[in-house]
Structure formats: C-alpha cells, structure tokens
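Please read it alongside the structure shown here.

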Amino acid sequence: MSAGSDQARGWGFAAPALLWTMAFFVVPFVVMGAMSLATLDGRTLVWGLHLDNYAELASKAYLARAIFVSLEITLTVTVVSILLAYPLAWIIAFRVPQRWQRLALLLAILPFWTSYVVRSYAWLLVLAREGVVNQTMLGLGLISEPLTLANTRFATVTGFVHFFVMLLTLTIYANLVQLSPNYRRAAMDLGASAFQTFRHVILPLTLPGIMTGAFLTFVLCIGDYITPQILGGNTELTVPQVIMVQLGRRADFPLAAALAIVLMGIVTLAYLAMARWLRLDRL
Amino acid sequence: MTAKILFRSVATTALVGAGTAASAQDELNALVWCDHTDPALIEPFEAEHNVTVNLREYEGTGAALALLEQSRPGDWDVLVIDGIDVFRAIDAGLLAELPADELPTDAFFPEVVMSENNGSDGAIYAVTEKFGYNTISYNSDAVDAADMENLSSVWSEKYDGRISIYDYYLPVMGLAALEQGIDTAAIDAAALEPIGETLSQMRSRAASVAGVVAAQTALATGEVDIVVGGGEWLTAVLAEERPELTWTIPEEGAVRWTQSIGVLADSEKTDLATEFVKYIVSAEGQARLATSSCFWGMPANAEAGDFLSDAQKDVLRWDDQADYLARTQLYPAPDTDLDIEMQDLWLNTLQQ
C-alpha cells in the first residue's frame, strides 16, 4: 500500500472528529469572536471590528468585579474540593475492601443522579435560617441566633463543592487504583515514613488525576450560572450572571460574547499556567 | 396491477400530504409567559377550535426578540410581551395590526387599555391582558404592617437583613424613584443619582436579590420577611395556605406592571391567532388567565369578575382596584440609552 493511500486513509479516519470539532467548536468560536467585535445600534446589530465591548470591560467597574468574583469563587471551590475529594478517594481506594469499592463509588456519585437545579434549591432550604443546619446548631446550643448561611458566597461555594467533590473523587480514585503497591513498599523499605511516602511518591504520581479533576472543576465552575444565581442570592455577581443580564432584556449579544471570550481566555490561561507549573507533559 | 399500485401510492401520498397540511393548520405556536401554560386556560380554546396550541415560555423581552429574529417567518403566531416593551416589537415590525373593533377594550379597566403603548400611528398591534403591582410583599406575623405603608421604613435599619429585593431593575428602580418623589415616567439620566442612593440603602438592608421562585421561597421559609418589588403575583398562589403572606401599596404608591398579547406579522395563521387573542381577552379567558397556576394577576377585562368566585376576587383585591390604579404608576419604560444607564446602575449596586 502506498504512502499516499495510507495518508488518505488516515485523513478518512480523522475526518469525522475534525468535522465535529470544526462544526461544534471552531465555527461557533469564530462566530462568537466576530459577535464580540460587533456593536448594537438600538436593536440593530452592526458588524465590524469594534473594540467597544472590550473597552466596556475596563470602564465598567461591575464587569471587572464580576471577573474577580468568578475567579475567587472558582479557586476556592477547586482547592476545597481537592482537599475533600483526595481523602475520600484514598479511603475508597485503600481502606474499603475491594468488593465494596463499587458500592462506595456509587454512593459517592449518587448526588449526580438528582437534578442540578433541584439540588441547588435543596441546599437553599438546608442553609436557610429555619433550615436543618441552623436548627441543629441552635438545638445544640452552639449558636443563640440563626446564622446567615443562604444567599451568601458560603452557600455558593457549598453548592459547588458538593457537586465537584464527586467529580474529583472519581478522577483521583481512577489514578490511585492504578498505582502499583510496589511503589509504597519500595519507599517504606528505603525508610520513608507514611507521610514521606505520600508526599514524595503517591502525591506526585496522582497529580495527573488531581489536575484533570481540578481543571474540569475550574472550567465548569467558572462558567456556571445556576448555582450562584440560586444560592448566592445575587449578593455578588459572577461573569455568567452578568452575561445573562445582558441577554435577558436588551439582548446585547455583542457584549455578552465579549464577556464569554474573556471567560474563555481566563480558562485558557489557567490551563496553560497549570500545565507549565506542573510540567504535565513529563508526568 | 402496476397502475393500481401506482395510483394507490399517489393517492396515499396525496392524503398524507393533505393530512400534514391539515395538522399544520391545526397548530398555533405561541411565545408566552408561564401563566399561559396552565391547561385550564388553553384547553377550552383548543377544544373549541380543534387546534393544538404549542406554548414556549421565555423570560426577558430581549430573549424573546432574539428568538423571533432567529426563527423562520411563520414559526410563531402569538407573542405575549411586557406592556412597556410593545413598542420595541412594533418598531421591529414583528407585530400584525389587530382588529381594534373586535377587542372588548370598552370593558377593560380604563387605566390599562394603554392604546398609546399598544399601538402606533392609530393602529393597534397588541392588547393588554393582565396587570398587577410591583410593591411590598411581607409576612404580617413577622413585621409591623404599619411600617409597610411607608417605603423608607420598609428598608430602614429595623428590617436589616430581613429583606429580599425582586431581581428586576425596572420595577425596583421605579419604587426607588417613588420614594424619592420622582414619577416613573419622569425618570431620566439626572434622576439616576437620587435613585442610586435609595437603591444603595435598599441593597445594604437586603439579604438577597431574588427571582420569582427564590423570592417566594425566601418569604415562605422565613429567610426574609419582606420582598421589595413583590405583589399579588408573588403571594396570591400561597393565599390559602399562608394567609399571613400578604402585600400592600404604601403611601408613596407602587409600580404597575402590565402584559400584552399580539399576533406576529409573519404568522401564516393570522385568523386563528387573532381568535386566540380574542379568547384570552374575553371575560372567560381573562378569569382563567387571572388565576393561572403559575401566577395570579388582575385581568384587564373587568367583566372577568363575573367568572371569578368571591374568594378569588378577595385574593385579587378586586374591590380595591380603583384605589390601587389611582395610586400606582406604570413602571419605567426607558429608551435604549437610558436603559443601559439604568442597568449599569443596577449592576453596580448589586456588586457593592
């Protein structure tokens, strides 16, 4: 078989994926980029190479603040989720007998099966002044007045963490169970303590699982509208919430597109920074 | 034999084609607010006209206009739209002229006929179908009802952290304007500074800024005791179970909302769509729309009272409408530039 026909066959196999990516990523991205450079004249969309929408990001304080709030919430959620998910994945991988691991994983991801919106509203009720958290603490005498938990950043972070701990547990668990027990045995034989084994052997080897989950958490969290809208009580606005306001009444698609492009830029930078810092290619 | 098979195929194809055409003729597509999705409202029309009404809910006029612009001509037949935004749909050439003489506007509450809002150059393109108030909803067991009669005492220190603000800038800024003694129709760029001061004060007292469901949940669960911008549309559906959740129109007045209905200019079923509009504004249709399971509100057609029970009229406060209509103002209807400034002020306030 000639090299030419091999090449043609290769393109043939790659074509569906390429077409899919072109149709559902590249083309929409180009359209969104072009839209972000358009302006609205009343209700009329004026195409062109205008930078007005990006200039608005600098001139309107609430837009810059929305980016800052989104980043703060996303980073908090990512760090807290990792800190909670890692021990959970560890316990499932190494402390739960193998025959029970599937059930343990099933229980860990059970909340995925409920509606995202319903779950958010459920958290609103749990965290309310009359909710179970406040009532329990009042009953135990830990507080004398109900705490304001709902409609706060704490509520938003709680709702997100509940969701993303499940995701991170899965990616970290998948990484942990692939590690040969010989790594730990070798480290112990060489005199490493349990902590040193974890710190210098297990943790570096599970970084790909952590980072995969962390990146997914970052991407999904920073672009999410529902959780901050329901649980945050609009006490501060994230970028997706500001995008929705632009679309809701005035249908300002150009400004919304510019904000979406900025959001995408942040995600790209976050990925590049993480990849460079961790040198993922070497892992 | 072959000829027979061919004939049957052609005949079947023709029948299927005719059937498709017939079924297409028997469907009406309406872009609506959630109160129109109540089967009790739609089914009588469907039964009478032997049609299926396909309903699509939307939130925000911008979203509706964008959807219409992206649709093919003829995809949509009927549009329900915020009363203050009818002019936007007219300017965009989206609405067809309605036969004004076939609409029962003579029986409407005069304040909500709003021919100037629903028409242009003497032609009528939409008709008001429902109205109500963005005012103060509260839990009468938890707050002093006398305090709710004055807007500045509503967002005073006494109720710090016990307030939720309805998440729609136009009516809330309308209420802030009223507290400042500014008519909603007189709001201009210069008025935004005092309005902004009131908004900041309101915001500093608020536990949340919430949409319909969240505000209702917050009031019902005791998370807050007051909803600024609430009204009958927020508490009426809870009236039977939670009579302590009520609403009032304070001394300074309140903001009035209206919703209108029209036929889309590109509709290929103009007659059927017009019949639907006529049904919605008929006395029977109005009574059903007023008490829709999604949210209650006053019918524009006063004759709907004949089809409402005394209990329903009590919840809607039917007998107080003359007073309420006199003391309320239509909520702000800014032009594009002012709208952008108002939205910016609102978002800045939320981010404080």
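B:Asp320 is partly exposed, with a relative accessible area of 34% in this predicted model. The residue sits in the loop that runs between α13 (310-316) and α14 (321-327) of chain B, and together with B:Asp310, B:Asp314 and B:Asp319 it forms a patch of negative charge on the surface.

**Salt bridges**

- Over all chains, the structure holds 14 salt bridges, and one of them joins the side chains of A:Arg65 and A:Glu236, with an N to O distance of 3.8 Å.
- Because A:Arg65 belongs to helix α3 (residues 61-95) of chain A and A:Glu236 to the loop between α10 and α11 of chain A, this pair ties together parts that are 171 residues apart in sequence.
- A:Arg65 is partly exposed at a relative accessible area of 31%, whereas A:Glu236 counts as buried at 14%.
- A:Arg65 and A:Glu236 also belong to a network of salt bridges that links them with A:Glu72 and A:Arg153.
- In chain B, the closest N and O atoms of the salt bridge between B:Lys278 and B:Glu102 are 2.7 Å apart.
- B:Lys278 lies in helix α11 (residues 270-280) of chain B and B:Glu102 in the loop between α4 (86-91) and α5 (115-118) of chain B, so the contact ties together parts that are 176 residues apart in sequence.
- Both partners count as partly exposed, B:Lys278 at 22% relative accessibility and B:Glu102 at 41%.
- A further salt bridge brings together the side chains of B:Asp147 and B:Lys158 at 2.6 Å, N to O.
- Since B:Asp147 lies in the loop between β6 and α6 (151-154) of chain B and B:Lys158 in the loop between α6 and β7 of chain B, the pair ties together parts that are eleven residues apart in sequence.

**Buried elements of chain B**

- Helix α7 (residues 169-179) of chain B has ten of its eleven residues buried, so it is largely enclosed by the rest of the structure; among the buried residues are B:Tyr169, B:Pro171, B:Met173 and B:Leu178.
- Just after α7(B), B:Gly181 adopts a positive phi of about 80°.
- Strand β9 (residues 226-230) of chain B is mostly covered, with five of its five residues buried.
- β9(B) pairs with strand β6 (residues 127-139) of chain B in the antiparallel sense over four bridges, where B:Val227 is the bridge partner of B:Ser137.
- Strand β7 (residues 163-166) of chain B runs parallel to β9(B) and is joined to it by three bridges, with B:Ile165 standing opposite B:Val228.

Key:
Residues numbered from 1 in each chain as written. Chains lettered and ligands numbered in written order. Predicted model: local features only at pLDDT ≥ 70, side-chain atom pairs only at ≥ 80, totals over all residues. Heavy atoms only, no water. Buried < 20%, exposed > 50% of the residue type's maximum accessible area, 1.4 Å probe, protein only. Helix = DSSP H or I, 4+ residues; strand = E, 2+ residues; numbered from the N terminus. Patch = residues over 30% accessible without salt bridge, like charges linked within 9 Å, V, L, I, M, F, W, Y side chains within 5 Å. Areas by Shrake-Rupley, 256 points an atom, 1.4 Å probe, with all protein chains shown as cover. Salt bridge = Lys/Arg side-chain N within 4 Å of Asp/Glu carboxyl O. Lys, Arg positive; Asp, Glu negative; His and termini not counted. Charge placed at Lys NZ, Arg CZ, Asp CG, Glu CD. Pairing = 2+ DSSP bridges.
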